[in-house]
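Q: I'm new to this one. Can you put the structure up and take me through it?

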Amino acid sequence: MAVHLEGLLGEALAANARGRLSHFIIDEHSPAIALFAPERRAQNTEGDWYGEHAGKWLYATAKAAARSGDAELTARLRRVADFLVSVQEPDGYLGTYAPERRFMRPQPPKPPSWNGEPSVRTWDIWTHAYLVLGLLEAHRHFAEPRWLDAARRIGDLCWHTLTEGGIDITELGNHFGLSATVLLDPAMELHAATGEARYLELAKRVLAQANAHRDLALLPRIQAGADAAEIATGKAYQLAWNLVGLAKLYKATGEAAYRDALQRMWTSIRTHHLTLGGGPWGGVAHRSREVFNAPGAFSPYGYVETCSSLAWIQLNRELLSIEGDPKYAEEIERTAYNDLLGAQAPNGEDWCYYVFPNGRRVHTTYWRCCKSSGAMALEELPGVAYAGDAHGVAVNIYGPGSASFDWPGAGKVILEQRTAYPFHGGVTLRLRMPSSARFRLKLRMPSWAEGARVRVGGESIAAAPGSYAAIEREWQDGDEVMLDFPMAARVHRAVNRNVQESRAPDGEPVLQQVLRFEYLGLTRGPLVYATGLIDGFKTEETLRLPTSDPTDWLTVLPPEEGDAAPLLELRPLQRAPLRFEPYYRAGGRADGAWRLTWMQLAPESLR
């Protein structure tokens, strides 16, 4: 299926291609690739993660070049992939480390610190994991056997190291091994690409060692009911990536325990660990900004690492393919339109390492991981926007664009999506096809779209929020399906609270709330809304709201001239109205701009 996205997502993809993907890496002399040159590799004894950029760039660029047909981008991809293959060592090693620091060499045990420090040897497996994914993706689109062979040789080296080499995978990564057990994902991709059983066995061995590690105990802890924050250190990015690998292992084996674990962790993350904009967040009262908060913890200043948004999108991609539940597509769309776009600069080159519901936008530095993760995450979107099967096609993400696919008896079918979504809820789907044919269209009904309407040929179709509206019929060239998703402004509330727990002398529990701050946030359709500094200088404000229905004090305003995005106006008591715009673009997407999503409310007794 060929997918072409326009509108906000199409603009982001185009910026990504002409920015990050075209400029960051050009050839073997680009800094992120020069790290792999034998003379540089031989001298590197540092514990850096910088080698990951090569695999991430290959992965994203292969998708972008194949989709766009960009000859220059394709040529750069080929040159870089060929260079990497040329410097792979005879045993299959293709990292950035000197021999004494490589993952195949036994090392002294890491100290039992929360992130493995002061050990420097933490990112070699991580780098190879991304190289496998990048080389396989390049091979998938451009069919170069030498790239596949290079990825296989990495897999074989990992298998040898974890078997005859006597090394446990959890010794090779920080966060109690969570940064190395991500090897689950590329091992399963190797199995899918080759059909060879040893890569499936590699994945199973990684999982077994992850389960046996006392402080990681991946499946045992999940099965015991642990929250996502309680798995290893609760590192969001690494945990979600491990779950992506587990989902692929489930697809290959059908093992019910894996699916149960995935559903448990998805529910834990979705319920307790996402911002209003869909990004996994942490950083409240932790030394690491990138680990999940304790369940129930809330702060408008929590961090969303863009890498975590990538892994969350990929996890939902896998679960959507397994279960076919539209809730996973909705999560992808929510994250994409808010925290992901909110991290990308319009030039496609700059990215935020972290975004915050309330905080200042900061574009990160050259080597930071999130710039490459953001580029990868964007390139995942065309592949999930539409999905085909033996019965027809599903529309999972809304926005202008098209999908084309071949259908028996009909030839090439083009499904056009005409809409101003996500700013407006009207969507027209038009079919272009040489001959009529019968198939099914599945249209995702957003959970927020109460009163959604679907019409085709003058007939109304049932459309329950949070489900697919399925239309199976004989389709003709020019047929149209009209969708209407009501986009009322919605009010969301969150609480930062603390309850002191103790017991009385007789053993009775004593619970006393000692801290409580309530907050209000706003959404409209799939978009989160935010304002800038209040009154030009305040980073927060306490509001008193009328006791009447929100429709009395919250209004949707038309876009300003030359713009597409409606605004929201909130009219609190005893102060001037506040205007909100979509979070992703608040402050003009400029470095240093402030975005305030959550407004603190006056104490309940004073309202």
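Q: Which backbone oxygen lies 2.9 Å from a polar atom of the arginine 595 side chain?
A: The backbone oxygen of glycine 342. This is a predicted model: local features need pLDDT of at least 70, side-chain atom pairs count only at pLDDT 80 or more, and totals for chains, interfaces and linings use all residues. Numbering starts from 1 along each chain as its sequence is written, and side-chain values use heavy atoms, leaving out hydrogens and water.

Q: Where is arginine 595?
A: In strand 23, residues 594–596. Strands here are DSSP runs of E with at least two residues, helices are runs of H or I with at least four, and both are numbered from the N terminus.

Q: Is arginine 595 buried or exposed?
A: Arginine 595 is buried, yet has no salt bridge. Buried means under 20% relative accessible area, exposed over 50%, partly exposed in between, with a 1.4 Å probe and protein chains only. A salt bridge needs a side-chain nitrogen of Lys or Arg within 4 Å of a carboxyl oxygen of Asp or Glu.

Q: Which side chain of opposite charge is nearest to arginine 595?
A: Aspartate 339, 7.0 Å away. Lys and Arg count as positive, Asp and Glu as negative; His and the chain ends are not counted.

Q: How many salt bridges by that rule?
A: The count comes to 43. In one of them, arginine 41 meets glutamate 89 at 3.1 Å, N to O. That pair links distant parts of the chain, 48 residues apart: arginine 41 is in helix 4, glutamate 89 in the loop between helix 6 and helix 7.

Q: Is arginine 41 buried or exposed?
A: Arginine 41 counts as buried because its relative accessible area is 1%. Glutamate 89 is at 22%, so it counts as partly exposed.

Q: What does glutamate 330 pair with?
A: Arginine 444, with the closest N and O atoms 3.5 Å apart. Glutamate 330 sits in helix 15 and arginine 444 in strand 11, 114 residues apart. Both residues are buried.

Q: New topic. What do the buried residues of helix 8 pack against?
A: Helix 6, helix 7, helix 9 and helix 10. The buried residues include Trp147, Leu148 and Ile154.

Q: What span should helix 8 have?
A: At 1.5 Å a residue, its 18 residues should span 26 Å, and the end C-alpha atoms are 26 Å apart, which agrees. The expected span is 1.5 Å times one less than the number of residues.

Methods
Contact = heavy atoms within 4.5 Å. Polar contact = N/O pair within 3.5 Å; in protein donor to acceptor, adjacent residues only side chain to side chain.
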